[in-house]
Structures are given as structure tokens and as C-alpha cells.
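Here is a short briefing for a first look at this structure. Keep the sequence and the 3D view open while you read.

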Amino acid sequence: MKKNKVVIRLLCAFSLAAVAGVAVAHHSFSMFDRETQQVITGTVARWAFNNPHSWLYLNVKNEDGSGETLWSFEGAAPPQLIGRGITGNSFKPGDTLTLMYCPLADGRQGGAMGWVKVDDTTFLIPSDGGCRTDEATVTRWKEWLGKGIRSNKDAAL
Amino acid sequence: MTIATAAHPRKPGFTKLALLHLLPSLLLGALPPAVHAQFGAGYGPPLQVEPAAREFATGDEHYAWLLQQAKGGTQHTQESVPRWDGLWDTAGNTHMDLFVDGGLAGGTVRTGVLTPAYEVAFRERWRQQQEEGQVRYDRLSHCEPAGMPRWLLEPYSHEFVNLPQQSYLINDFANAIRRVYIGQEHKNLYGTHSWMGDTVGFWDNDKLVMHTKYLLPADFTRWSPMTSNLFEAVESWQLKHYGDGIDRLEVQVTFYDPHAFTKPLNAVYAFKHATALQEAGHRPQHWECEQSSNSYLDENGFTNFRLPGEEGYKDPRGSTLFPELPGQTRDPIYNTTLTTE
């Protein structure tokens with residue numbers, strides 16, 4: 001049993017290494033600010049596990065308390081995500097999630113997903129080339145989250 | 001850190017299989033980003049280009065010579081035709097080496113490979129890639145098919161079906177199917193070219209030799225040059241076994257394009273068993289881009305998105321044109337709506 005757990009982790013390592021470096025997409029990522037990584041928390045409005053790209057939609061509470069705004073985050077294509085253990089049922093409407101994203105450069109409410117924190121110990125990586133994310137990225141962010149950091153720009157200060 | 005994965009069935013040989021996957025992982029980790037961009041590179045031994053035996057003026061001439069060398073080709077039966085069953089994904093290629101020295105990150109355009117007009121056009125693309133980090137737009141964004149030769153590169157999942165008289169080479173990037181007519185002549189009754197062109201082929205024992213022409217002009221990828229309507233490809237497909245369970249389907253290709261290339265170009269592309277996808281139960285689905293993609297070419301020449309609530313947004317999980325009827329949502333399990341106000 002222990003041996004197989006190790007093996008599963010190795011498989012995960014393979015999957016992550018394989019996907020992290022490959023900018024797979026049917027479009028350019030020029031609309032994203034890929035130098036910026038931010039964290040946001042919201043409630044799942046929809047997980048659209050569709051080709052050619054997946055999209056995760058979150059209802060996010062407005063900072064001024066005036067209600068909620070729908071935010072849109074793009075991820076990789078389903079065939080890539082299935083290989084990482086992510087399916088059309090991974091995120092369900094009503095789930096509260098925290099995710100890291102590279103924002104749209106024009107400031108609208110959206111971006112490219114990096115990782116999604118499902119619970120205290122589980123991170124999924126639905127990223128594509130719009131927000132390159134690998135195991136090292138998640139490890140770095142776990143430390144930053146522990147310090148209350150919500151943007152890589154703040155972490156650099 | 002815990003990375004959740006799909007449940008993997010415990011079965012004999014699973015550990016060995018997983019370790020076989022670890023090796024490419026380690027290799028990938030050691031490779032520079034430019035190699036990563038070659039869609040699955042690092043699986044098995046380094047890919048080696050096998051150039052054409054001699055120079056030919058056209059793909060037609062090249063293919064005819066190969067057919068002659070093979071004495072008309074091997075006539076396979078249903079029992080003897082090579083089988084490439086199961087799901088496959090890309091396992092690297094030497095594609096960018098054709099056009100760039102130094103790879104995707106920081107490489108420079110090779111001179112003398114492209115004709116002057118095509119080199120000028122490519123240098124602008126390459127400038128965007130290097131200076132802006134991305135080529136600004138990709139024709140697939142408005143739902144053009146990948147087509148051939150881009151089909152060779154697209155890293156979605158693949159299926160290959162060989163029959164004695166025909167082969168079907170399938171990429172689930174929007175249902176892209178290449179049809180290879182074994183032992184036949186080229187035909188084109190449409191009076192124009194097409195995305196996959198017309199492909200004829202023959203078997204040389206376990207090698208599938210193919211010739212494709214009548215292709216629409218397009219591009220290999222965002223980072224690659226354009227190809228013209230005189231583009232041809234002569235391909236040789238063969239499944240190679242490297243021991244320790246490493247099987248790789250290798251495609252040696254010679255490209256001909258008198259408008260774009262100063263001389264024929266040789267490259268190799270490869271595919272490997274998509275073990276993780278297969279174990280997870282993945283089955284390719286028919287999909288199209290028109291209703292499920294909201295990327296577009298904006299007024300500044302860049303790729304952009306329409307978001308929910310914006311004019312022109314298409315909801316891939318919304319209803320059909322008949323919302324008044326029960327059961328017309330395309331999100332039948334969760335039945336979600338996106339509220340933007």
C-alpha cells in the first residue's frame with residue numbers, strides 16, 4: 001500500500017512536470033499579465049470543463065461589501081486536466097475555493113488559473129500557459145499563504 | 001503538499017509502469033524550457049531526423065520513388081496490418097529546429113531556410129514571441145481547424161486506426177481526422193484545397209508511407225512560419241520499441257513548399273501511449289469551437305476574451321435556441337447560470 005502511495009506521487013510528479021512546461025492552447029496568452037500572481041476566494045458559480053479550454057467561474061464578495069461579482073478564470077483543456085486527475089466534477093457549484101491566477105492585463109474580473117486550493121492540504125493545478133504553475137509554485141505559495149500574502153508582488157517587497 | 005489525482009486501479013505491473021513515467025519526468029525537469037515547448041519531449045531516446053535518401057524536386061517525385069523502392073508496397077490483410085491501438089499523445093519533435101537556432105526561449109531565426117517574403121513574415125512573429133513573450137494572435141482562436149501540418153504538433157489526444165485499404169489518424173483537437181487512402185492515386189473533386197488535403201499511402205512492411213498535398217495555406221503554430229498552397233508532405237510512420245516498455249510512434253517527414261522554403265525540410269514527430277489518460281478513463285469527445293470559445297482578435301491586433309455579461313459572449317453551457325422547452329440546457333447535471341449583475 002505504502003509503495004503504491006509513493007508511486008501515485010511519482011505519477012503526479014510526472015504529470016505536473018509534463019504540463020508545467022507546455023504552453024498548450026489554441027490561442028495566444030497575450031491578454032494575461034503573466035508576471036503577476038494573485039489569490040482570490042469565492043464560491044463556484046460554474047466549472048465549465050469544456051474544450052478548447054476549461055473555465056472556472058467564481059462569485060466573489062466585493063471588498064466594499066456591496067454584494068458579489070462574477071469572476072472568470074481560464075484553465076487548460078480537458079484532455080490535459082484529466083491526465084492531472086481533474087475532471088468535470090472536481091469543482092461543484094456552491095463550493096468555496098481559493099485560487100491563484102494571473103490577471104487579465106486590462107483589469108477586468110478574470111485571469112488564467114494557476115492552482116486551486118480545494119482544502120487545507122489539497123491543491124489542484126488546472127493551469128495552462130497563461131499562468132505557468134508547477135509543484136514548486138504551489139510550495140512557494142503555501143509559505144506565502146501562511147504569511148497572509150495574496151500577491152507575488154507583495155511577496156517580493 | 002497533496003496533489004489529488006484520479007483513482008488508479010491497483011494491478012500487476014502498475015509500479016513498473018509508474019516508474020517508467022518517472023524517468024521522463026526527471027528528464028523533463030532537466031531540460032530547458034525550449035525543449036518543454038516541443039509537446040511531450042523527453043520520452044525515450046532523443047529523436048533523430050532521417051533525411052530523405054536523396055533530393056527530390058517535389059513531394060510527388062519523392063513519394064513515387066519510395067513506392068518504387070518498396071516495389072509497390074506491402075499488401076497487408078486485416079490480420080497483418082500493423083495495429084496502433086489505444087490513446088496516444090505527443091512525444092516531442094524536432095519542429096522548431098527547422099526554423100530557429102536556440103529554441104523557443106531566446107532562439108534566433110535561421111537564415112536561408114525560408115524564402116525572403118516568408119522569412120520577413122516569420123521574423124515579425126518571432127519578434128513578438130521574444131519581445132512580448134507571446135505571438136499576439138493564433139488563427140485557431142476564431143475556430144479555424146489546426147489542419148495539416150499543424151495536426152502533427154497539436155498536443156491533445158490521438159487515436160490511430162489502420163485498415164488494409166485505409167488509415168484514420170485522429171486528433172481530438174476539434175475532431176481532426178486525417179484519412180490515408182492506401183494504394184490509391186490523389187483525387188481532388190472540390191476545385192480547391194482543404195485543411196487536411198488529400199493523403200495517399202502504402203505500407204512498406206511495418207512503415208506507413210504517406211503523401212499529402214492540396215493543403216490550404218496556414219501556419220504550423222503561433223511560433224512557426226506560414227506555409228503556402230503548394231505545401232506537400234511525405235511521411236513515414238513506424239512504431240518503434242526501445243525496451244522497458246517504451247514504445248514510440250515516430251513520423252519522419254519531408255516538407256516541400258517552393259513558395260515558403262528554399263529547399264525541402266526534414267523533421268521528426270513522435271507519439272507515445274497516453275497511459276495516464278487511458279487509466280483515467282478518458283474518451284475523446286466531439287467538440288467544436290464556435291460555441292465554446294470566447295477568444296477573439298481585438299482592435300489592437302491582440303487576442304482577447306469576451307466574459308459573461310459582455311456583448312458577444314457565447315455561453316457553451318447555456319440553453320439551445322429553444323429555451324422555452326424543458327431539457328434544453330447544455331449543463332444538464334449542474335444546471336448553472338452565470339449571474340453578472
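## Helix α4 of chain B

Helix α4 of chain B covers residues 116-132, 17 residues in total, and reaches 24 Å from its first C-alpha to its last. That is close to the 24 Å expected at 1.5 Å a residue. Note that this is a predicted model.

- The buried residues of α4(B) are Phe122(B), Arg125(B), Trp126(B) and Gln128(B).
- These residues cover an arc of only 150° around the axis, so they sit on the same side of α4(B).
- The other side of α4(B) has exposed residues: Pro116(B), Ala117(B), Val120(B), Glu124(B), Arg127(B), Glu131(B) and Glu132(B).
- Strand β3 (108-109) of chain B is included in what covers the buried residues of α4(B).
- Gly133(B) follows α4(B), and its phi is positive, near 85°.

## The two chains

- Chain A has 4 helices and 6 strands.
- From the N terminus on, the elements of chain A run α-β-β-β-α-β-β-β-α-α.
- Chain A has 157 residues, and 55% of them count as buried.
- Chain B has 5 helices and 15 strands.
- Chain B has 341 residues, and buried residues make up 39% of them.
- In chain A, take the contacts between residues at least 6 apart in sequence: 59% join residues at least 24 apart.
- For chain B, the figure for such contacts is 59%.

## Helix α3 of chain B

- Helix α3 of chain B spans residues 59-69, and its buried residues are Gly59(B), His62(B), Tyr63(B) and Leu66(B).
- Seen down the axis of α3(B), these buried residues fall within an arc of 95°, so they line one face of the helix.
- An α-helix has 3.6 residues a turn, so residues three or four places apart point the same way.
- The cover over the buried residues of α3(B) includes strands β8 (207-213), β11 (232-241) and β12 (247-256) of chain B.
- Just after α3(B) comes Lys71(B), with a positive phi of about 55°.

## Helix α3 of chain A

- Helix α3 of chain A runs over residues 135-146 and has 12 residues.
- From first C-alpha to last, α3(A) reaches 17 Å, close to the 16 Å expected at 1.5 Å a residue.
- Thr137(A), Val138(A) and Trp141(A) are buried in α3(A).
- The buried residues of α3(A) fall within an arc of 95° seen down the axis, so they line one face of the helix.
- Ala136(A), Thr139(A), Glu143(A) and Gly146(A) are exposed on the other side of α3(A).
- What covers the buried residues of α3(A) includes strands β4 (96-103), β5 (110-117) and β6 (123-124) of chain A.
- Gly148(A) follows α3(A), with a positive phi near 80°.

## The largest nonpolar core

- The largest nonpolar core has 94 residues.
- Leu56(A), Phe73(A), Tyr101(A), Ala112(A), Met113(A) and Trp115(A) touch the most other members of this core.
- Strand β13 of chain B, residues 265-273, gives the most to this core, with 5 residues.
- Leaving aside residues up to four places away in sequence, Phe73(A) touches Trp55(A), Leu56(A), Leu99(A), Tyr101(A), Gly110(A), Gly111(A), Ala112(A) and Met113(A).
- In soluble globular proteins, nonpolar side chains tend to be buried together.

## Strand pairing around β13 of chain B

- Strand β1 of chain B (residues 88-93) is joined to β13(B) by 4 bridges, and the two run antiparallel.
- Asn93(B) stands opposite Tyr269(B) in β13(B).
- β12(B) and β13(B) also run antiparallel, joined by 8 bridges.
- Gln252(B) has Val268(B) of β13(B) as its bridge partner.

## Pro78 of chain A

- Pro78(A) lies in helix α2 of chain A, residues 78-82.
- Pro78(A) counts as buried because it has 25 C-beta neighbours inside 10 Å, where 20 or more are needed.
- Not counting residues up to four places away in sequence, Pro78(A) touches Phe49(A), Asn51(A) and Ser54(A).
- Pro78(A) and Asp134(A) are 56 residues apart along the chain, and their C-alpha atoms are separated by 18 Å.

Methods
Residues numbered from 1 in each chain as written. Chains lettered and ligands numbered in written order. Predicted model: local features only at pLDDT ≥ 70, side-chain atom pairs only at ≥ 80, totals over all residues. Buried ≥ 20, exposed ≤ 12 C-beta atoms within 10 Å, placed from the backbone. Arc of directions from axis to C-beta. Contact = placed C-beta atoms within 7 Å. Core = buried A, V, L, I, M, F, W, Y, C linked by C-beta atoms within 7 Å. Expected span 1.5 Å × (residues − 1). Pairing = 2+ DSSP bridges.
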